[in-house]
Amino acid sequence: MEEVMRICPNCGRQVTGRADKRFCCSECRTMFHNKKYRLERKEIHRIDRILKKNRSIIDRLYTNGERNVPLHRLYHMGFDFKYLTSFISDSGAGGTCVFGCYDYTCALSSDGRIDIDRPESATPR
């Protein structure tokens with residue numbers, strides 16, 4: 001039976017030992033997985049920052065008593081509409097579009113305005 005030469009995915013050295021062994025040593029295994037998860041966490045943190053900024057914009061408007069604002073106002077304040085925590089589209093007669101950002105819900109009306117709402121249970125005491 002011919003043995004296939006295996007290469008460590010982290011450093012490129014030859015792997016010896018068990019047939020199912022992937023890395024040349026435990027340090028390479030650790031480095032490989034840390035690098036992989038670091039990249040994943042970096043993307044998650046980037047998206048989380050955007051969501052928190054979106055929530056902050058909505059919260060600022062809501063606390064200032066501005067519950068019905070033009071859509072373009074959110075856009076000019078830096079709201080990123082690609083990142084929401086929920087989205088519901090009703091293609092029925094009203095054609096309403098409701099999106100959420102954490103504890104806030106925003107309904108897009110036909111005249112291009114956003115109605116901001118927050119359930120009472122989400123209001124801090």
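The model is predicted: local features need pLDDT of at least 70, side-chain atom pairs count only at pLDDT 80 or more, and totals for chains, interfaces and linings use all residues. Residues are numbered from 1 along each chain as its sequence is written, and side-chain values use heavy atoms, with hydrogens and water left out. The protein chain holds two helices and seven strands. Helices (H or I, at least four residues) and strands (E, at least two) are DSSP runs, numbered from the N terminus. Along the sequence the pattern reads β-β-α-β-α-β-β-β-β.

**Whole chain**

- Of the 125 residues in the protein chain, 21% are buried. Buried means under 20% relative accessible area, exposed means over 50%, and partly exposed lies in between (1.4 Å probe, protein chains only).
- The accessible surface of the protein chain is about 9,200 Å². Carbon and sulfur atoms account for 54% of that surface. Areas come from the Shrake-Rupley method with a 1.4 Å probe; for residues, only the protein chains shown count as cover.
- Take the contacts (heavy atoms within 4.5 Å) between residues at least 6 apart in sequence: 34% of them join residues at least 24 apart.

**Helix α1**

- α1 has 38 residues and spans 53 Å from its first C-alpha to its last. That is close to the 56 Å expected at 1.5 Å a residue. The expected span is 1.5 Å times one less than the number of residues.
- Its buried residues are C28, I50, L51, N54, I57, I58, L61 and Y62.
- These buried residues of α1 pack against β3, α2 (71–76), β5, β6 and β7.
- Just after α1, G65 has a positive phi of about 85°.

**Nonpolar cores**

- The largest nonpolar core has 13 residues. Such a core is a set of buried Ala, Val, Leu, Ile, Met, Phe, Trp, Tyr and Cys residues joined through side-chain atoms within 4.5 Å.
- I58, L74, F79, F99, C106, I114 and I116 touch the most other members of this core.
- The elements giving two or more residues to this core are α1 (26–63), β5 (97–101), β6 (104–108) and β7. With four residues, α1 gives the most.
- A second, separate core has five residues, including C8, V15, F23 and C28.

- Along β7, I114 and I116 point to one face and are buried.
- β7 pairs with β3 (residues 68–70) in the antiparallel sense, over three bridges. Two strands pair if DSSP finds at least two bridges between them. In this region P70 stands opposite R113 in β7.
- β7 also runs antiparallel to β6, with four bridges joining them. L108 stands opposite I114 in β7.
- β6 and β7 form a hairpin with four residues between them. G112, in the turn, has a positive phi of about 85°.
- Leaving out residues up to four places away in sequence, I114 touches R67, N68, V69, L71, L74, F99, C106, A107 and L108.

**A107 in β6**

- A107 lies in strand β6. Its relative accessibility is 25%, so A107 counts as partly exposed.
- Beyond neighbours within four places in sequence, A107 is in contact with C97, V98, R113, I114 and D115.
- A107 and T96 are 11 residues apart in sequence and 7.0 Å apart, C-alpha to C-alpha.

- R118 lies in the segment after β7 (113–117). R118 counts as buried because its relative accessible area is 10%.
- The side chain of R118 makes a polar contact of 2.9 Å with the side chain of D103. A polar contact is a pair of N or O atoms within 3.5 Å; within protein, one must be able to donate a hydrogen and the other to accept it, and residues adjacent in sequence count only if both atoms are side-chain atoms.
- A polar contact of 3.3 Å links the side chains of R118 and Y104.
- D59 lies in helix α1. D59 is partly exposed, at 23% relative accessibility.
- The side chain of D59 makes a polar contact with that of Y104, at 2.4 Å.
- D59 touches Y104 and R118, not counting residues up to four places away in sequence.
- D59 and C101 lie 42 residues apart along the chain, with their C-alpha atoms separated by 9.9 Å.
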